[in-house]
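Please read these notes with the model open beside you.

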Amino acid sequence: MLTIAPPDASVGELAYRRIRADIIFGRLAPGQKLKLEVLREGYGASVSTLRELLNRLASEGLIAAEGQKGFMVSPVSATNLREIAAMRLLLEGHALAQSFEAGDMEWEGRVVAAHHKLAQMERRMLEQDRADAELWKRYDWEFHHALISACGSQVLLETHAAIYDKYLRYQMVAVIFRGQIAAEEHQILLDSALKRDQERAAAVLGTHVNACVEHTLGLSKLG
């Protein structure tokens, strides 16, 4: 998931994080051609560095390499969204169960703190204050990550984070907010975590993700 670059990050690393964030949050649109000279001016990195970064992002599935034609932001589709959502559920559901079993008081504290920030932001969203969609989705990520943070597998957490970013890109392209229903689902996930109710949490997570997929497809023009 997106993180703030350390103060000593290189120009290349800063450019990578900025381009990646711009793809995920829709500032670089699906299917948009990525011209190296234009990127050089916008991100302050050399053409050779940018070519390396774009290949790196292509390996993550966020950019498509077009052979001799250059690069483009990976397109979106209904099929791809459903595949990404299914993978998110598979990974997050497993991690959730492991985290519920291993979670301690420190884990509970992380979950409660993350939910508090998300709930406050959702309250603002419900009042039609939607000026900071990126912060809202960051808090959403932090809550879901906190829920699975005690799963005991760094590989699982990293794989889930990569899938979550691809899922998030669809939400940002369509600017999805399901309102009170989503907020209530987050509350149930919090309650389930504190009670270690794996069965209820898994059911709500499935509803949470699948309903978002259908909502996204209903509001967008994905093929």
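1. How far apart are the mean positions of the positive and negative charges of the protein chain? They are 6 Å apart, for 26 positive and 29 negative charges. Lys and Arg count as positive and Asp and Glu as negative, while His and the chain ends are not counted. Each charge is placed at NZ of Lys, CZ of Arg, CG of Asp or CD of Glu.

2. This is a predicted model, in which local features need pLDDT of at least 70 and side-chain atom pairs pLDDT 80 or more, while totals for chains, interfaces and linings use all residues. Residues are numbered from 1 along each chain as its sequence is written, and side-chain values use heavy atoms, without hydrogens and water.

3. The protein chain has nine helices and three strands (DSSP runs numbered from the N terminus: H or I of at least four residues for helices, E of at least two for strands). Along the sequence their pattern is α-β-α-α-β-β-α-α-α-α-α-α. The radius of gyration, taken over C-alpha atoms, is 18 Å, close to the 17 Å that the globule rule gives for 223 residues, so the chain is as compact as a globular protein of that length. That rule is 2.2 Å times the number of residues to the power 0.38.

4. Of the 223 residues, 45% are buried, meaning under 20% relative accessible area with a 1.4 Å probe, protein chains only.

5. Helix α9 (residues 198–219) contains H208. H208 is buried, with a relative accessible area of 7%. Leaving out residues up to four places away in sequence, H208 touches H144, R178, A182, E185 and H186 (contact: heavy atoms within 4.5 Å).

Conventions:
Buried means under 20% relative accessible area, exposed over 50%, partly exposed in between (1.4 Å probe, protein chains only).
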